[in-house]
Every structure is written in structure tokens, then in C-alpha cells.
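The exercises below concern the structure shown next. Try each task before reading its solution.

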Amino acid sequence: MSASTPPTPPSAGPKPAEGEHGWFRDEDFERALVEIQRQAPESLWRKARERLARRASVRWSLRFLVFLALLSWLAPLMPLPSPSAIAVASEPSPPVFPWEVWGDTNFTPDYAGLGALDRALVRLRVAIFDDWRTGPWLGADALGRDLLARVVWGSRTSLLVALCAALTSLAIGATWGATAGLVGGRVDNALMRIVDVLFSIPTIFLVIFLLSFLDAPSAELGREPLLSREQVFFLVVGAVSWLSMARVVRGQVLELERAAFVEAARVAGASTFWILRKHVLPNVLGIAVVNLTLTLPSVILYEAFLSFLGLGVEPPKVSWGLLASEGAEALNPLESYTWLIVAPAIAMATTLLALQTLGDGLRDAFGLEERGER
Amino acid sequence: MTRFLLRRALWFLVTTWAVVTAAFFLLRAAPGGPFSGERKLHPSVEANLRAQYHLDWPLWKQYAHTVGPLNLDERGPFGDGSDWFGGVLALDFGPSMQHRDVTVNDVLAQSLPISIALGSLALALALVLGLGAGVASAHKPGSRLDGLVRAAATSGLVLPNFVIASLLILVFAFWIPVLPVAGFGAPRHFVLPAVALALPFAAYIARLSRAGLLETLSKDYIRTALAKGAPRSRILWRHALRGALAPVVSFLGPAAAGVLTGSLVIERIFAIPGAGTHFVASALNRDYTLAMGVTVVYAVLVFGFNTLVDVAYTLLDPRLDLERDA
């Protein structure tokens with residue numbers, strides 16, 4: 001008998017057989033383990049994933065969003081005309097069906113304002129498609145810029161900015177709310193009062209200030225701004241949209257602190273860090289993800305709103321908000337250039353619908369309720 | 001309730017002070033000034049203008065003058081004393097720096113009623129449309145009507161309001177010319193703007209009231225009422241709606257703020273001379289006094305509406321205690 005043999009129970013029974021530990025056989029132990037592992041999937045996240053996968057609408061939304069993300073990332077690779085190539089025209093030209101004009105061969109690569117990766121993608125595109133480009137399937141605006149290309153390239157700005165802004169708001173809001181909920185007492189009171197005060201300040205004012213403030217050096221001193229307009233934008237929007245995230249996270253943390261299973265863990269002698277990592281974090285993360293998904297549509301709408309007020313991305317760049325506001329401005333009773341507003345509106349509506357569906361699905365999957373706050 | 005209102009009044013002062021201070025220093029910190037337009041002014045002219053609007057004063061004095069309630073210029077207690085009080089605390093925002101010969105109070109008195117009329121119209125419309133749709137859809141969950149309402153409610157949330165407004169103009173002013181494209185004066189000028197402003201909020205209210213109603217309808221007291229033989233419509237309107245209104249009412253606070261923000265865009269699209277136009281323009285033109293006035297008024301409106309909402313909330317649900325978490 002080696003030293004590693006488990007201690008035998010002090011029983012007067014027959015000598016344990018090979019592979020048996022007294023009153024408790026290996027098979028039993030293994031069966032219990034299997035049983036525990038079989039039950040382990042009853043975790044919040046596993047359950048949420050199962051509930052999520054059951055919904056066809058959520059699956060389709062997810063597929064669409066993945067497709068859109070790929071499309072916008074690989075936009076330079078698409079055989080589209082350059083989104084900023086100007087062809088002087090007297091008025092916007094209407095959409096043409098693909099079977100009428102399939103394409104043209106007058107693409108000239110435009111590298112202005114592109115990063116290294118995008119340049120490489122454009123070079124690859126030229127290598128694959130040469131100078132062939134798609135026809136004006138969605139029409140063109142008054143400057144002759146192809147609308148399809150602009151919608152596809154616009155998705156890059158809109159999605160990226162929305163994602164960054166939502167992540168900024170998540171970072172600030174979750175930290176703020178978690179601190180308030182975990183520390184409690186006076187700190188909690190002070191932090192949440194600040195949130196209350198900020199809630200009653202019209203944030204748009206703050207946004208306008210911050211945008212014009214951070215944006216100014218380029219206009220005043222004629223030098224490159226420290227941050228690009230988009231970076232300013234997502235920092236600013238993230239900085240003003242974290243409030244509801246902070247409230248939600250704080251509420252969840254407070255609820256968890258009172259929860260029976262956290263109490264049980266504490267009684268069992270778990271350290272605070274363990275409880276935070278194993279119990280609080282996964283539960284808060286769920287609610288944070290739901291809030292994040294529902295923040296994305298509102299940020300995209302906010303970007304459109306600021307673009308309409310002339311505070312969005314600057315012209316060589318393009319975003320859905322800019323396209324929609326250009327379309328809204330081109331509307332007049334004599335010549336309705338409907339396609340200029342309909343195309344970006346459809347792009348925006350489908351994306352926001354998918355995000356909304358996904359967010360609703362996630363919320364139901366995590367068993368959360370819809371709240372009267374946005 | 002009295003204690004709650006007193007505490008609210010205190011917080012109101014704190015919030016207003018925070019808004020005024022933030023707006024004051026942000027405006028001064030932002031590059032450029034009210035007179036740094038495209039047309040370069042002669043230095044002596046600019047110096048005179050700056051002196052006229054007290055921009056040559058030290059910052060603390062400008063701040064004290066802006067906050068009030070004492071008027072620090074020559075008309076105040078330290079001058080000829082013809083105008084003792086001034087500043088935000090005395091509800092006197094001073095002369096506008098861009099609109100010559102007009103005070104900010106004049107500008108606000110002219111434009112604010114229009115914005116408030118449009119905003120309250122939109123909010124009322126959102127409430128009526130949203131609650132109606134929500135009740136109709138919760139009445140028979142799973143029905144075709146329910147599906148329709150849910151689809152409409154989701155689609156109301158996926159477009160920016162200026163796109164909704166443009167599409168409404170396209171349909172109801174260009175294709176079926178029944179309503180004016182833009183303008184201001186007759187009541188029918190308010191139809192499209194109010195609808196465009198209300199739709200997103202109506203959509204959200206419909207979702208909230210549907211969810212709230214469905215939850216309330218599964219409660220025990222509803223089953224009791226059903227068992228006693230009360231008609232279904234009566235249960236829906238009398239018993240369930242009251243309980244289901246809570247989330248809707250608490251949404252009205254953010255909704256009011258949203259309607260105010262949204263009216264910036266809607267007023268611009270429909271060429272309505274409301275306060276929203278001044279909001280963005282004053283900040284961009286660095287019209288310090290007008291920007292201050294508009295910001296304070298908006299903050300006060302939002303705060304006041306939130307307080308009203310909280311009071312309404314307790315009336316709806318007497319179990320809530322305002323004193324506890326005022």
C-alpha cells in the first residue's frame with residue numbers, strides 16, 4: 001500500500017475492495033460528479049444562451065448584425081465606387097436597377113483619410129476587381145456621389161462610433177454604479193445625487209459645448225485637432241449616456257448583496273473578492289450587456305440627431321446620420337429626391353430593429369424587466 | 001408630502017446652481033467669443049462691445065453678476081440704483097449678445113410658449129396614442145392587433161425623429177397634400193410636427209403599458225374580479241390600468257426631457273420659431289447670456305416635470321413613500 005491511498009474509514013466492516021473508499025465507491029463518486037456537472041449548466045449565462053437561441057427573430061438579428069459588421073469592416077474590399085468621388089451633376093440622379101446598369105470601369109482609388117489596413121484592402125480590391133465598380137443602384141446625390149457606396153461606408157462610422165460610445169458609457173456607468181452599490185452609505189448617497197443632478201441637465205447642451213470646445217484648435221489655430229470628430233463624439237456621448245447604466249448597475253449590486261446565495265457564500269466563508277468575482281460580476285455583467293445592446297440604438301439615433309444639427313462627422317467622412325440629414329434637407333415639393341432619405345433610413349431602421357430585437361431577447365433571456373428609463 | 005416638496009426645492013436650487021455654474025464656465029472656456037465672427041471688428045469697437053456686456057470684468061465678478069440676485073453694473077445698488085436686482089436668481093438674464101437691442105427675457109417670452117405648446121401637444125399625443133395602443137394590444141395578447149401594435153411600436157423606435165418627420169412630410173404634404181409642409185400660425189401647422197415629435201415616445205409608452213398591463217392582469221386581485229363576474233373591459237380599464245401605469249408615469253420624466261431635445265430638430269424642420277432654434281445657435285455663436293437663459297429654462301422645465309411625475313407616482317400607488325427616498 002502506498003502513502004497516497006486515501007484513509008480508510010474506521011469501520012468494522014469487510015476490508016474495502018480495490019477502488020473502493022469504504023462506505024463510498026468510486027462509481028458513486030463519479031456519478032455524483034457527472035450529476036453535478038449535468039446540473040452546472042443551470043448557470044445564469046447558460047440559461048440565458050439557451051433561451052436566446054430558441055427565438056428565431058433573435059437568431060436572424062444576430063446573423064444580420066454579423067453580416068453588417070463584416071460588410072462595414074470589409075467596405076474597402078467591395079467593388080463600390082469611392083464614397084467621396086465627386087462627379088458634377090446638376091441634380092441627384094435616381095436609382096438604376098442592376099440589370100439596367102450592371103457596372104462601370106472608372107474606379108479610381110482614393111486613399112485620403114484611410115488607415116494602413118484600409119489602404120491594403122483598397123489595393124487588394126484593385127487587384128481583384130481592377131477598375132470595375134457597381135452601377136448607381138441606389139442613385140447618387142447632388143454632387144454625384146454614389147449612394148450605395150456612401151451607405152456602406154457610412155455604416156463604418158455609425159457602427160464604430162456607436163460601439164465606442166456604448167463601451168465608454170459602460171465603463172463609466174458600471175464603475176460608478178458598482179462603487180455606489182458596493183461602498184454604500186454616504187458615498188452611495190453622494191454618487192447617486194450627482195447622477196440625479198446630471199439627469200436633470202439637458203445633456204445636449206453639454207454635448208454642444210464639449211464638441212465645439214474639443215474641436216476648436218483645428219479651426220482656430222489651423223493645426224490638426226488632438227482627437228478626430230468621431231473620437232470626440234463617442235467620448236462625449238459616452239460621457240453623457242452613462243447615467244442610466246450607473247443606476248441599473250447600482251440597483252443590481254444592491255439586490256445581489258441581499259440575495260440568499262451571496263449570503264450563503266458569505267456564511268460558507270467566501271472572501272469578498274471571491275463573492276465579487278464569482279457571484280456579483282457574472283450577474284451584473286448580464287444586466288450590463290443588456291443595457292449595452294439597448295444603448296447602441298440610442299447612440300446611433302443620437303449621432304443622427306447631432307448630424308442634423310451640423311455637429312456630426314465632417315464631410316469627407318460619411319455616416320448614416322449625415323446621409324439621413326442630407327436626405328431630409330434635399331426634400332422639397334418640386335423635385336422629391338426620395339431615394340436620398342429612403343436609403344439611409346432603411347439601412348438605419350433594419351440595423352436598429354436588429355439591435356432592438358437582440359436587446360429585447362437578451363433582456364428576456366436574463367429575466368429582466370423593461371424599465372421606464374432610457 | 002410637504003417634506004418631500006421642501007427637499008425637492010432644496011435640490012432644485014442645487015441643480016440650478018450646478019447648471020448655471022457649468023454653463024457659465026463651459027461657455028467662457030470654449031474658444032472664441034460672442035464677437036469673434038467672420039467679420040473682424042476694429043479692436044476699439046470690440047473693446048467697447050466687450051465693455052458694454054461686461055466681458056472686461058474679472059471672471060468672478062461676471063459670475064456673480066450672472067448668478068445674481070444683485071445687479072453689479074451701474075444700474076445696480078453700487079451705481080444709480082435704478083435696477084437693484086438682476087441675474088438668474090432674479091430671473092433677469094440680461095441683454096442678448098447676438099440679437100442686438102433685445103433682452104434674453106424678450107427672446108424667451110416670444111419663443112418659449114411656442115415650444116411649450118408643441119411639447120405638451122406632443123406629450124399628450126404620445127400618451128393617448130401609446131396608452132391606447134398598449135391597452136388594445138394587451139386586451140388580447142397574441143392577436144393580430146397585438147402583433148400589429150408591437151411591430152408599430154418597435155418601428156417607432158428605429159428611426160431618428162427628423163427622418164420620421166421627413167417621411168410624414170413626404171406622404172402628407174407632397175403625395176397627399178392635406179397638410180402644410182412647414183410654417184407657423186394656424187393650428188394645422190402643428191399637426192405634423194406634433195405627430196413626428198410624439199411617435200417615438202408613443203411607441204415606447206405602448207411597449208411599457210402593454211408589458212405593465214400583462215403583468216398586472218396576471219395578479220390575484222384581477223382573478224378575483226374576474227371570478228366575481230366583472231366584465232373584462234371594466235377590469236382592464238378600472239382595475240388593471242391603474243397598476244400598469246406606474247412604469248409609464250416614471251417614463252414621462254425622461255420623455256419630457258426627450259421631447260424638449262427632440263423639438264430642437266422638429267422646430268428646425270418645420271420652421272417653427274420656438275426656443276429650440278436658439279438653443280443650438282446661441283451655444284455655437286457664444287451668445288453667453290442667451291445660452292445661459294435657454295439652458296436654465298430647459299433645466300428648470302425638466303426638473304419641474306420630474307417632480308410632478310414623482311408626485312403623480314405616489315397618487316397612483318399609495319404604498320410608495322416619497323419621504324423615504326426623496
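**Exercise 1.** Find where Arg223(B) and Asp220(B) lie, and state how they are paired.

Solution. Step 1: helix H8 of chain B, residues 220–227, holds both Arg223(B) and Asp220(B), which are 3 residues apart, about one turn of the helix. Helices (H or I, at least four residues) and strands (E, at least two) are DSSP runs, numbered from the N terminus. Step 2: the two residues form a salt bridge, with 3.1 Å between the closest N and O atoms. A salt bridge is a side-chain nitrogen of Lys or Arg within 4 Å of a carboxyl oxygen of Asp or Glu. Step 3: Arg223(B) and Asp220(B) are exposed. Here buried means under 20% relative accessible area, exposed over 50%, and partly exposed in between (1.4 Å probe, protein chains only).

Two notes apply throughout. The model is predicted, so local features need pLDDT of at least 70 and side-chain atom pairs pLDDT 80 or more, while totals for chains, interfaces and linings use all residues. Residues are numbered from 1 along each chain as its sequence is written, chains are lettered from A and ligands numbered from 1 in the order in which they are written, and side-chain values use heavy atoms, leaving out hydrogens and water.

**Exercise 2.** Trace the network of salt bridges that includes Asp360(A).

Solution. Step 1: a search of the whole structure gives 7 salt bridges over all chains. Step 2: Asp360(A) forms one with Arg363(A), the closest N and O atoms being 2.7 Å apart. These two are separated by about one helical turn because they are 3 residues apart in helix H13 (residues 338–365) of chain A. Step 3: Asp360(A) also forms a salt bridge with Arg207(B), at 3.0 Å between the closest N and O atoms. This pair joins two chains, because Asp360(A) lies in helix H13 of chain A and Arg207(B) in helix H7 (residues 191–217) of chain B. Step 5: Asp360(A) counts as buried because its relative accessibility is 15%, and Arg207(B) because its value is 13%. Arg363(A) is buried as well.

**Exercise 3.** Which residues does Thr338(A) contact, leaving aside its neighbours within four places in sequence?

Solution. Step 1: Thr338(A) lies in helix H13 of chain A. Step 2: with those neighbours set aside, Thr338(A) is in contact (heavy atoms within 4.5 Å) with Leu170(B) and Trp175(B). Step 3: Thr338(A) counts as buried because its relative accessibility is 18%.

**Exercise 4.** Describe two aromatic pairs of chain B.

Solution. Step 1: the whole structure has 11 aromatic pairs over all chains. Rings of Phe, Tyr and Trp (its six-membered ring) pair if their centres lie within 6.5 Å; planes under 30 degrees apart count as stacked, over 60 as edge-to-face and the rest as tilted. Step 2: Phe24(B) and Phe25(B) are edge-to-face, 5.0 Å centre to centre, with 85° between the planes. Phe24(B) counts as buried because its relative accessibility is 0%, and Phe25(B) as partly exposed because its value is 37%. Step 3: Phe279(B) and Tyr298(B) form a tilted pair, 4.7 Å centre to centre, with 50° between the planes. Phe279(B) is in helix H10 (residues 275–284) of chain B and Tyr298(B) in helix H11 (residues 288–316) of chain B, so the pair ties together parts 19 residues apart in sequence.
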